[in-house]
Every structure is written in C-alpha cells, then in structure tokens.
Amino acid sequence: MEHTETLRALGLFDARVPRYTSYPTAAAFSPDTGASFQRHALEQLDPSEPVSVYMHIPFCERLCWFCACHTQGTKTLGPVESYIEALEAELEMVRAIIPNGLKMGRLHWGGGTPTILPPELIHRLSESIRRVFPPAQEFEFSVEIDPTMVDRAKIEALASEGMNRASIGIQDFDPEVQKAIGRLQPFETTRACVEDLRAAGIASLNTDLVYGLPHQSLARIEDTIEKVLTFTPDRVALFGYAHVPWVSKRQKLIDEAALPDDLSRYHLATRAGELFVAAGLTAIGIDHFARPDDTLTASLEAGRLRRNFQGYTTDTCSTLIGLGASSISRFSEGYVQNAPATAAYQQRIATGVFPSARGYQLSPEDQLRARAIEELMCRFAVDLDDLSQEFGTDAQKLLPCLTEMATRFAPFARLTGKRIAIAPEGRPLTRMIASVFDQHVPEGVRYSRAS
Ligand SMILES: C[S@@+](CC[C@H](N)C(=O)[O-])C[C@H]1O[C@@H](n2cnc3c(N)ncnc32)[C@H](O)[C@@H]1O
Ligand code: SF4
C-alpha cells in the first residue's frame, strides 16, 4: 500500500510514455529517411554476420476490438495471396542489393495472424525467404499463432519449415472479458493448439496475456493464469492493455467504463507477476517471464538480454530486415519503416519502388542513449563505466540524466557512483525513468499509460 502511494505520487498512474521497443520510437521517424538510406544500409551489410528477418502478415479472419496491431480483416484468401506476391517481389528487390552469402540467424512471422496462411502458402513463403536468406547453422524460426485460426496441418507445415518457437495469443480466458474485447477463444481450442504444437516437436512455447482488459478482476486473472500454467509455457508475455482508440479505431468498441482503474490495473499486474514467479518462472524485464531452463533466462543471467520490436529477446543480430506492410528494419545506422497501409505497400511494390516510407538515422549520441534505455529496460540498471567500453568518454554525457533520475524518482532510483539502479518495488516506473534519456519525445504524440 505504502509503495502504491509513493508510485502514485511519482506520477505512475498519470504518465504516458513509450514502451521503448526502439529508441527513438517510430513517432520520431521522418519521410526524409527512406529508400536511399535503406538501399545503402543493405548494400553495406557484412555477409559474415547473420541477420534477423521479420515478416509481417497484416490479415486476420476476425478483428479483436482490443488489438492495436497493424492488421485488417478478410474472410477470403484472395487479398492474402496477392500480398504474398508483393512480399516475394520485395524479397527480390532486397536480394538484388544484399551481399552474396548473407545468412539468416532468426526469422519471425508476426501480424496480424500468420496462421491465416494455408499450408501451401506457408511452404511457398518459406521457400521464397530461404532463396534470399539461407538459414545460418544456428537458426531460430518463431511464429505468432492465433489458436482459433490454426489447425494441425498448418502447424505441421510450419514445423516442417523449421519453426522451433511458437507464440500463442491468449489475453484472458474469462468469457465475460473475452466478450468485452471481441475475442472468443475457448480454453479447449487453445489446449488443442498447444497439444498440436508440442506433438509437432515445438520445444519453446510462449503465451501472450494482457492485463487491464475490461471486466478483468483479480479472481479472473488468477483463473486465467492457473489455466495457462497447465500448458507449462516456456515463456509468458504479460502486456499492459494499451488503450489507444485514436490510433486503433476498433478499440472504440471497448466499453471504457468497464476498464479497470489505475489501482486495479496495478494490482492485476502485480498479482499476475507473483503467480508466475511462484510457479517457478523468472521475471524478465518489465513484462516477460521465462522458465529457468529457457534461453531468455540464460540470456538475462549472462547479461546478453536484448529488447527489440517483439519485446525481450535473446537475438543479438545487429541487423533486422523487416518485410511487408508496416515492418521496421533496424540497421546499425538507423531504422526504416515500410508503408504502414497494406494497399500503399502493395502499390509501391507494384511500381518497382522500395516500400520504405519513413525512418530515422541514428547519431552517435542516439546510439548511446538507445543502449542506455535498453540496459535499463532489460536490467533495471545502467552503469556509465560499462557503457564507456563501447562508447568511450561520450558515455559520461549521461551523468546529468542519472542525477535527474535519482532526484525525481527517489527512493526507487538509486545512484551509486556512475550507476543508476531501480529498486524492485520501483520497477513499474521503469519506462518513465528510461524516458529521462529520451531526447526525441515528439510534440503532440499520445502514448499509452506507463502503468
Ligand atoms: C500481433 S498480435 C498477434 C496475435 C495473434 N494474431 C492472435 O490473435 O493470437 C500479438 C499480441 O499483441 C498483444 N496486443 C495486441 N494489441 C494489444 C494492446 N492494445 N495492448 C496490449 N497488448 C496488445 C496481444 O497480446 C497479442 O497476442
Ligand atoms: S489479436 Fe490477433 S487475431 Fe485479434 S485482431 Fe489482433 S492480430 Fe488479429
């Protein structure tokens, strides 16, 4: 209780800050950085360093009201097929530029719902990707799976193409919550999907849950978690519901009066975290949990945990090539995002033009701040002496930020020499504290809540 009041006094329940899956965030991207930047960055890639590839499938058969992802509804496969053709054309454009011999260390299919693809399209798309990016010896292929939009044949097709990590959307199992977010998903359907994934040899299973949904209560989230734990997930992502109806128009269907208030939201997150830790999972960063034998836990313990657009990851590739509508590529020099709207993306491809719409070129200082934010989000601490190993004396520029954090966020942010650390009770403030490093909070952009 005492902590809650201090957190409230520090502004936790009023703050609106980015999730820092990148720095700067996409809100700072500009149309001045686009195709020519991307072309140059692709040409300069070192063929001896494997890259990560992200493929976006912006289609769903049902559109859940709570969802803030770039996607659109379709009841037929026609639009999906023509989109796959566009993806193949984009792959060919990339192939013409990248150096020979470049390998792919990671592949992630996200969406939307990649499992809207029938087995033939799964095989076709996988082959098209491998032609351009042959997998490296150590290769990880993960896919976002909607348990209500998948069957055994699709899972077997994905497994035969090398999928070794699956991420299933659950959100909440309570029927009233499901009704309020426009997403009906019976427990039995989800269990059958988990069984099919395990039978197909998928060793690593992640489950996505969301707290802060309409009508969610402590009893309901406890029941959801009890059910989720029967799947023995290797990882759990517990996202705070981002209610951003000005971005995601379908969220206007959500009854705002049924959303838990600030304090209830905080208690939901805290209780969920306690239950996962009590079940033997390790807390990873601000919103993930993983089994002690999972590579995410090993990565945390070895100080190699990273944060990227998908959240916490073991991925240490310095380049991410994003393909498809709205996808973001990350190069050591900066970011480029493809046209977000599927029609605009396809139109750019049809005219033979790179579909990049906007981006951001990182200055050396941005790179330093990006690393500092990532450190704080992953380890709840930043040590300027550690940062100076990579950034030299420039790292010392951040000392005033550390001092500001210690003053503004006392008693939770503690400065010792040139190291700032967030106390466990202050971890809900992490995004707010990280924002002290942020020099690119654009005017007029509205973020989701910090808590
Ligand atoms: C891109 S979606 C893909 C999920 C997949 N199509 C499904 O329905 O199972 C990935 C995850 O993002 C999370 N997500 C989507 N909208 C969100 C929001 N408004 N706030 C918090 N998390 C959200 C959900 O947990 C969801 O499972
Ligand atoms: S949660 Fe999944 S199925 Fe629902 S709209 Fe979002 S991407 Fe589509």
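**Exercise 1. Determine what the side chain of threonine 74 reaches, and describe the setting of this residue.**

Step 1. The side chain of threonine 74 comes to 2.8 Å from the backbone oxygen of threonine 76. This is a polar contact, that is, a pair of N or O atoms within 3.5 Å; within protein, one must be able to donate a hydrogen and the other to accept it, and residues adjacent in sequence count only if both atoms are side-chain atoms.

Step 2. Threonine 74 sits in the loop between strand 3 (72-73) and helix 3. Helices (H or I, at least four residues) and strands (E, at least two) are DSSP runs, numbered from the N terminus.

Step 3. Because its relative accessible area is 8%, threonine 74 is buried. Buried means under 20% relative accessible area, exposed over 50%, and partly exposed in between, with a 1.4 Å probe and protein chains only.

Step 4. Not counting residues up to four places away in sequence, threonine 74 touches Phe59, Cys60, Glu61, Pro79, Val80 and Ile116. Contact requires heavy atoms within 4.5 Å.

The model is predicted: local features need pLDDT of at least 70, side-chain atom pairs count only at pLDDT 80 or more, and totals for chains, interfaces and linings use all residues. Residues are numbered from 1 along each chain as its sequence is written, chains are lettered from A and ligands numbered from 1 in the order in which they are written, and side-chain values use heavy atoms, with hydrogens and water left out.

**Exercise 2. Describe the surroundings of ligand 1.**

Step 1. Ligand 1 is surrounded by 20 residues, of which Phe66, Gly111, Gln171, Arg183 and Ala242 are the closest. A residue is near a molecule if one of its heavy atoms lies within 4 Å of it.

Step 2. This shell holds nine nonpolar, seven polar and four charged residues. Ala, Val, Leu, Ile, Met, Phe, Trp, Tyr, Cys and Pro count as nonpolar, Asp, Glu, Lys and Arg as charged, and the others, Gly among them, as polar.

Step 3. An oxygen atom of ligand 1 lies 2.7 Å from a polar side-chain atom of arginine 183. For aspartate 208, an N or O atom of the side chain is 3.0 Å from an oxygen atom of the ligand. For threonine 113, the side-chain N or O atom is 3.0 Å from a nitrogen atom of the ligand.

Step 4. Ligand 1 taken alone exposes 570 Å², and the protein buries 90% of that. These areas come from the Shrake-Rupley method with a 1.4 Å probe; for residues, only the protein chains shown count as cover.

Step 5. Strand 5 (135-145), strand 6 (165-171), strand 7 (204-211) and strand 8 (235-240) are the elements that give two or more residues to the shell.

**Exercise 3. Describe the largest nonpolar core.**

Step 1. A nonpolar core is a set of buried Ala, Val, Leu, Ile, Met, Phe, Trp, Tyr and Cys residues joined through side-chain atoms within 4.5 Å. The largest has 73 residues, and Ile57, Trp109, Leu117, Phe133 and Leu197 touch the most other members.

Step 2. Helix 3 (residues 78-95) gives the largest share of this core, eight residues.

Step 3. Apart from this core lies another, of 44 residues, including Leu296 and Phe409.

**Exercise 4. Locate the cis peptide bonds at glycine 112 and proline 411, and the positive phi of phenylalanine 380.**

Step 1. Most residues other than glycine have a negative phi, and most peptide bonds are trans.

Step 2. The bond from glycine 111 to glycine 112 is cis, with omega near 15°. Glycine 112 is in the loop between strand 4 (104-111) and helix 4 (119-132).

Step 3. Alanine 410 and proline 411 are also joined by a cis bond, with omega about 5°. Proline 411 lies in the loop between helix 14 (399-408) and strand 18 (413-416).

Step 4. Phenylalanine 380 has a positive phi of about 60°. Its place is the loop between helix 12 (364-379) and strand 17 (381-383), and phenylalanine 380 counts as buried because its relative accessibility is 8%.
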